[in-house]
Amino acid sequence: MAAAAALAAADPQPTVPQAAGAGGPTARRDFYWLRSFLAGGIAGCCAKTTVAPLDRVKVLLQAHNHHYKHLGVFSTLRAVPQKEGYLGLYKGNGAMMIRIFPYGAIQFMAFEHYKTFITTKLGVSGHVHRLMAGSMAGMTAVICTYPLDMVRVRLAFQVKGEHTYTGIIHAFKTIYAKEGGFLGFYRGLMPTILGMAPYAGVSFFTFGTLKSVGLSYAPTLLGRPSSDNPNVLVLKTHINLLCGGIAGAIAQTISYPFDVTRRRMQLGTVLPEFEKCLTMRETMKYVYGQHGIRKGLYRGLSLNYIRCIPSQAVAFTTYELMKQFFHLN
C-alpha cells in the first residue's frame, strides 16, 4: 500500500511514445490500461511474495494464534517452518496473488478518475486533491476486493493439522454457507475503511511533502531529470524508496489499531472469543482490555516496519522494469 501511495503521489502523467514505423502512437496507445494493469499486478505480486512470510507472521501475531501467541516476530519466523514446513510461511499467499491484481488495477484507475472529478467538478487542486483522490481510490479498491482479503486471512491463520478450510474455493463456500451469505465476506470492512482514509491521506501527504522539500533544497543531491521529460526533476530511485518508506511507516503507525481490529473481525468464528468481537467497538475494547496497547492494538507493528523497505524496493524495481517491458513510458 505504501508503495502504491508513493507511486500515485508522484502524480505522473503517462506519455505515449512516438513509435516509428507501422502503428505509430496509436499502436502504443492500444490496450494501454491492460498493459498498465499487468505491470502493476506483476509488481504487486512480486512485492507481496517477497514479504509473504512476514505477512503470515503478522496475521498470526495480530490475532494471538494459540500456537504462537507467546512468541515474538523472529521466534515465530523460526517456529512456523519447524511446525508446518517452509511452505507454511506462504500459507494464504495464493489468495493474496488473486487479490493483488484487481486491487492494483482498480486503485490506479480509480485514482485518475477521482483526481479528474475532484479537479474539474469540485475545483479542488494542489496537494488536497491528491489526498482526497488517493483516499477514495484506496477505499474503492478495498471494497471491491475485500472478500479475497477475508479468505486470504482465514487461510493464513490456519495451522498445520487444524485446517478448517482445504483451499480458496472451500473457504469461499464455507464462509458463505455458515456466516450469513454474502455479508459474511465483509466482516471488518468498517475498521478497514476508517483505517484506509488516514493511512492513504498521511501516506500521500508525507511523501509529497518530502519530495517537494527535497527537490527544493537539494535538487542536485536528491534529484535527476525525468527520463521522459528532461525539464522535470524527479527523485533518484533510492531517495524515492526512502521517502516512500518513511511515509508508509508514519501512516502505518497512525492507522495500525484499525488493521488489528480488521484482522480479528475477519477471522470471525475461527477465534474462540468470536462473540466478544462482533462489532468494531467491541473488538477494540476487547483487545485493549485483554492485551493493552503495545501487546494488543499495536502487536506486530515492528513487523510492519521490517516489511516496508524490502516490499517497496521490489515493488518499485519490478514496476519500472515492467513499464519498459510493456512500453508504458
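Modeller: Happy to. A term to begin with: pLDDT is the predictor's confidence in each residue, on a scale from 0 to 100. This is a predicted model, so local features need pLDDT of at least 70 and side-chain atom pairs count only at pLDDT 80 or more, while totals for chains, interfaces and linings use all residues. Residues are numbered from 1 along each chain as its sequence is written, and side-chain values use heavy atoms, with hydrogens and water left out.

Biologist: What is the mean pLDDT of the protein?

Modeller: The mean is 78, and 87% of the residues reach 70 or more.

Biologist: And which elements have the lowest and the highest mean pLDDT?

Modeller: Helix 1 (residues 2-9) has the lowest, at 47, and helix 10 (residues 219-222) the highest, at 89. Residues 2-10 stay under 50 in pLDDT, and the model gives them 26 contacts beyond four places in sequence. Contact here means heavy atoms within 4.5 Å. The pLDDT is also below 50 over residues 12-27, a stretch with 17 contacts beyond near neighbours in sequence.

Biologist: Good to know. How many helices and strands are there?

Modeller: The protein has 14 helices and 2 strands. Both are DSSP runs numbered from the N terminus: helices are H or I with at least four residues, strands are E with at least two.

Biologist: What share of the residues is buried?

Modeller: Of the 329 residues, 50% count as buried. Buried means under 20% relative accessible area, exposed means over 50%, and partly exposed is in between (1.4 Å probe, protein chains only). The accessible surface comes to about 15,900 Å², with 66% of it belonging to carbon and sulfur atoms. Those areas come from the Shrake-Rupley method with a 1.4 Å probe, and for residues only the protein chains shown count as cover.

Biologist: Let's pick a helix. Which residues of helix 8 are buried?

Modeller: In helix 8 (residues 168-178), the buried ones are Ala171, Thr174 and Ile175. They cover an arc of only 95° around the axis, which puts them on the same side of helix 8. That arc is taken from the directions from the helix axis to the C-beta atoms.

Biologist: Why do residues three or four places apart point the same way?

Modeller: Because an α-helix has 3.6 residues a turn.

Biologist: What is on the other side of helix 8?

Modeller: Ile169, Lys173, Tyr176 and Ala177 are there, and they are exposed. After helix 8 comes Gly180, which has a positive phi, near 95°.

Biologist: Switching topic: how many salt bridges does the count come to?

Modeller: The count comes to 6. A salt bridge is a side-chain nitrogen of Lys or Arg within 4 Å of a carboxyl oxygen of Asp or Glu. One of them joins Arg56 and Glu84, with the closest N and O atoms 3.4 Å apart. Arg56 lies in helix 4 (residues 52-62) and Glu84 in helix 5 (residues 73-84), so this pair ties together parts that are 28 residues apart in sequence.

Biologist: Are those two buried or exposed?

Modeller: Arg56 is buried, at 1% relative accessible area, and Glu84 counts as buried at 8%.

Biologist: What does Asp259 form a salt bridge with?

Modeller: Its partner is Lys58, and their closest N and O atoms are 3.4 Å apart. Asp259 lies in helix 11 (residues 237-267) and Lys58 in helix 4, so the pair ties together parts that are 201 residues apart in sequence. Asp259 counts as buried at 12% relative accessibility, and Lys58 is buried too, at 5%.

Biologist: Now disulfides. How many does the structure hold?

Modeller: It holds 0 disulfides, a disulfide being a pair of cysteine sulfur atoms within 2.5 Å. Cys45, for instance, is in no disulfide, and the nearest cysteine sulfur, that of Cys46, is 7.1 Å away. Cys45 counts as buried, at 11% relative accessibility, while Cys144 is partly exposed, at 49%.

Biologist: Last one: where is Val314 found, and what is it in contact with?

Modeller: Val314 is found in helix 14 (residues 301-325). Leaving aside neighbours within four places in sequence, Val314 is in contact with Cys46, Ala47 and Thr50. The C-alpha atoms of Val314 and Gly44 are separated by 8.6 Å, although the two residues are 270 apart along the chain. Val314 is partly exposed, with a relative accessible area of 22%.
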